[in-house]
Structures are given as C-alpha cells and as structure tokens.
Protein chains: 2
Amino acid sequence: VLAYLNGSFLPRSSATVSVEDRGFIFGDGVYEVWRAVNGRLFQSDRHIARLVHGLGELRIALPDSLHSSRLGPIADRLLGESGLTDGEATLYVEVTRGAAPRTHQFPTNPTAPTVYMTVNSFKPADELRARGAAAITTPDIRWMRCDIKSIQLLPNVLAKQAAVEKGAIDALMIRNGMVTEGSHANFMGVIDGVIRTHPTNHLILPGITRTVVFEIAAGLGIPVVDEAIAEDEIEDLDEAFLTGTTTDVMPIVRVNDRPISNGTPGPITTRLVTEFRAYLDAACGAAHATS
Amino acid sequence: VLAYLNGSFLPRSSATVSVEDRGFIFGDGVYEVWRAVNGRLFQSDRHIARLVHGLGELRIALPDSLHSSRLGPIADRLLGESGLTDGEATLYVEVTRGAAPRTHQFPTNPTAPTVYMTVNSFKPADELRARGAAAITTPDIRWMRCDIKSIQLLPNVLAKQAAVEKGAIDALMIRNGMVTEGSHANFMGVIDGVIRTHPTNHLILPGITRTVVFEIAAGLGIPVVDEAIAEDEIEDLDEAFLTGTTTDVMPIVRVNDRPISNGTPGPITTRLVTEFRAYLDAACGAAHATS
C-alpha cells in the first residue's frame, strides 16, 4: 500500500515520522477519512472543509497539498498505485503541527506541518447491516471540543474496545445523561416517525454522512429534530442507527443487551440504508463511469 | 542528543516511528518526565509507578525496559553520551500501544509497545522564580481522565499557548468554577497559612513534585487541605504557586493581570521554593557525590 508523506510517495511500511513530531508527542493534529468508491472520493469538498475548520481551530497553516486541486491527484495516485480504483476504499489524511523540540506552546521557529495520507481497501459490513448491530453505552469522557476531528482519540479507542469485548459494534457515549455519539459514528433514533439526534455543537463531530442522511430524510419527507436522546429514552426508541464514513447507515437493534423495538432494523432505518447506498453509488459510480 | 527507541540507541534526529504508530494516529500512549540533576534521576520510583499506573489503565503491557533495573542504565547512557551528567537535565519517556493497521479497538495481532526515551538539558527558571510569574485562567476542556499522564495533550498545548501569548507562564484551568491545575503543573494557593489544592482525583494529574511539596509542608508544620480553589477565590489568595517536575515551586504573583496579594512571592511560597531546592539537591547532589 502506498502512502504520501510530506511531498513524497513511498510504501506505507517505509513511511516514518520523527519522534519529535507533535502528533506523536502531543496528539497535536487533525485527521479525516474519505470514502472512495471506484476511485472517486465521496463528499470530498465537505471533508476538506472540515479539515480546514479543524486546522483553523488549532492554528495550523493549511498545507498546499490539502487544496482540492492538489488533494485529488494525490488521492488518485495513492488509489491507483495501490490497486484500489475499483470498488470500495478509504483515504486517510492526517496533518500535525510538525516536528520540533518538545514544548507545550507552539514552536517559535517556522515548522512545516506533517502531512500523511494513505489508502485502504474497505469492505462495508453489509451482512451485519442486514440483521442490525448491537451497541453498548459508556460514559463520554472526551474533551469539550469533539467538533474538532483531532487525533485525541484515546477515549474513543477505549470506548470502541469496550464495545468489541461485548460483541457490539460501538459504544454510545453518554454525557450528562444524554447520548452524544458513537466512538466514530453519529447516533440517531426514531420516535413516532421522527428522527432525533444530538444537535451540532462542541460535543459531537459534525458527521458528513450525518449531513447526507439529513438531506436524504428531507427528500423523503422524514422530519429530523436535533434534540439529544436521553440514555433512559433508548429503550423507548422505535428505531436506532449509526451514521459514518465507514459505517454508512447501520441499524442498531440492541443496546446493552436489550432489544430496540422488536430487535430488527425498522422501516425508516431500512429505507435510509437503501437510499444512502443509492446516493453513494450515484455519486461515485456515475462519476466513475464518466471520468 | 541521544535517544533510545525500542531497544536501540541512536541520535534523536534519526529516531523515527511508523506512521501507523498508535501514538501518532490515536494519541494512544502515556509519557513521563523525570528531573535529572548531576546524572541522578529525582523521585525515580514514583515516576515509574505513575507510568505503570497509566499503562495499566490503558491496558498496555509494561515493557521490560521500564523496570527500574533496566530504566536506570538506559537513562545513565542517554545522559552520559549526551553530556548531561553534570547539572540540570530531564529524561522523557513515552510508551504507545505500538504500530498496527488503523482500527480504534486494540490490535488483535500481538503488537509490541513503542518505547521512546530521550534527554534534554534544562535550565530552571530561577530569575522568574525570584520575582514570581503571571498566569491566566482558561476553561478546562480536557477529558475526564486527567489522572492518566497520556499524550492526549492538545488542550494543554492550546492552554499553554494562550498563556504564552499573554506573557504568562501558564494557564490555570477552570472546571465547574474550580481551578484544577495548570497545563503541565499543579496549582496551590495559601489562605491564612493553609495550603489549598485540588484533591487527587480524575480531574488532575497526581503530581510528584506536588507530593514532595506535601511532605515538605508536613515537615514544616504547614497544613495542606485538598479542597479545590474556586476561580472567584483567586483574588483573595494570600499566595499562589505552581508545582511540577520542570516548574519546581514557582510563585504565581499575578492572575489575569490582577496581583495576588502585593504581587510578590509570599513567605510560605518562598520557604517552599528554598526547601524544595534543598530537597532536590540533597537527593541528587549527595547521591552523585557517592556514585
């Protein structure tokens, strides 16, 4: 698999960063994951916009390679030389404040950000999607800037690991009694035909699949209310699902070993699963055919 | 300057880690900083114990190189070959979950932790200490496991940067109206001859200099109460100071541009500054003379 690192292309297995990289020392950076289908990046401009937002909040200068006109060709080469231009893949991009002598404050000497990109083959979890997945709940112990897609992911790592050990796909994180989101996906519930999900603020990542699902729901006439779901409301949900770049729309049919409704994916969720996949294929399949 | 990385000694400028290291990707690791004076590590066993605690909380197996019997000789070589066996230096140790294909959950294949160690020359800020330093306050936006000395340090980076831009040494972090600690040091205040500081819990790092200061205070008959100081009590403090491995005891004489008491280091703080330095010299100077 190929990687891009600070202007060079090289095998990922040979790609290294300095031990003084502030990503390695402080978690001082942001990242982004794109879905690529048939070599085409899905929702690329929105991913770039979110990365630009995060870099701005961290006051890391936007590297030239992340401008849309440069990122596209880099992604094309990574996908192409890694044999990932047909079917499913992901593009990972990480930007850190660069390598400098260790001081908490920003380096005073000019320091080029570190830019790392790579690609992976990807297999959507469609069998699990058909029957629906389990989730657990766990306290949301993350920092208060979850809107920044930073590499401060240790609490997400611990939450996901706890879920996996329970045979669950993910952990729903609970802050002040309310579900915020999963460890790497947004959470939505359905009550009386209305989709409810946590409002867009500093406590969740503004998911791009979440936004696409909002748009699909609007097109279908399904109302969406941005009001967080309380932990003690979970058992009363008619339906529940996660959304994310590698999650797509994933029905959640059990939470903490209790079924949601009858324990199978509900009709609105199933509709969104189908419509989302169609949207993704329309964006990437069609684009691929004409490129 | 020499570094130690996964069993090898090499120049720090040549030391690199894989882009797939979970320290670089997730901030999935812990670190520790020792003070070294005259080639002797100060409070070494307490630093090791804190590292062992953090690794345990993260469920990272303790690398052999961190056992006291192995860490000492590694530190000796790093300090010796870097010309840092006379006077002031620091030892930095970082351990991550190692390099593995990116998944939030722990790697399922056996993965050796990454162990990185290096040393730096160090100059205590004694001129600033004599006149006292300024601090600012900032919201404490960190995660809820600040007792783990993890490399999730982005909020600390942002807080310290904000302080530096205001000409201050550090930012006092405020959670629910109470001062927790600085970005890399604990905070203590003095009211009516009593030292007050945040209790030892998940909201602060259990500082080793903090513990030493408790012991010194006990020896001097100065009471210590572990009760957090409210932000709105700061202006009423008789004295204030920070404690930390590279901070020692640092008088804080201004907070947000308002003086603490008369704006000069107070008598209890000054006593602790002197006694702490004597304690450090006794531990490291004497040990050096006999080694």
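Two notes first. Residues are numbered from 1 along each chain as its sequence is written, chains are lettered from A and ligands numbered from 1 in the order in which they are written, and side-chain values use heavy atoms, with hydrogens and water left out. The model is predicted, so to speak of local features takes pLDDT of at least 70, side-chain atom pairs count only at pLDDT 80 or more, and totals for chains, interfaces and linings use all residues.

**Stop 1: the sheet of chain A**

Select the strands of chain A. Six of them form an open sheet with antiparallel pairing, in the order β2-β1-β7-β6-β4-β5. Strands here are DSSP runs of E, at least two residues; helices are runs of H or I, at least four residues; both are numbered from the N terminus. Two strands pair if DSSP finds at least two bridges between them. Look at the edges: β2 (8-11) and β5 (40-41) of chain A each have a single partner strand, so one side of each is left without a neighbour in the sheet.

Now pick β4(A) and β6 (residues 88-96) of chain A. Nine bridges join this antiparallel pair. Find A:Arg35; across from it in β6(A) stands A:Thr90.

**Stop 2: a helix over the strands**

Contact means heavy atoms within 4.5 Å.

Show the side chains of A:Glu32 and A:Arg50. They meet in a salt bridge, 2.3 Å from N to O. The term means a side-chain nitrogen of Lys or Arg within 4 Å of a carboxyl oxygen of Asp or Glu. A:Glu32 lies in β4 (residues 29-37) and A:Arg50 in α2 (residues 44-58) of chain A, so the pair ties together parts that are 18 residues apart in sequence. Over all chains, the whole structure holds 42 salt bridges.

**Stop 3: chain B**

Switch to chain B. Its open sheet has six strands, ordered β2-β1-β7-β6-β4-β5, with antiparallel pairing. The edge strands are β2 (8-11) and β5 (40-41) of chain B. Select β1 (residues 2-5) of chain B: three bridges join this strand to β7(B), antiparallel. B:Leu5 stands opposite B:Tyr116 there. Helix α2 (residues 44-58) of chain B lies across β4, β5 and β6 of chain B, at about 175 degrees to β4(B).

**Stop 4: where the chains meet**

Show both chains. In contact are 50 residues of chain B and 49 residues of chain A. Together they bury about 4200 Å², 67% of it on carbon and sulfur atoms. Buried area is the accessible area (1.4 Å probe) that two parts lose on being put together, summed over both. Highlight B:Phe24, B:His104 and B:Leu154: in chain B these lose the most area to chain A, together 18% of what that side buries.

Next, zoom in on A:Glu165 and B:Arg59. Their side chains form a salt bridge of 2.6 Å, N to O. The count between the two chains is four salt bridges. Which element gives the largest share of the side of chain B that touches chain A? Select α5(B): nine residues come from this helix.

β3 (residues 16-18) of chain A and β3(B) pair antiparallel over three bridges. A:Ser18 has B:Thr16 as its bridge partner.

Technical notes. Axes are lines fitted to C-alpha atoms, for helices over the stretch in contact, and angles run from 0 to 180 degrees between N-to-C directions.
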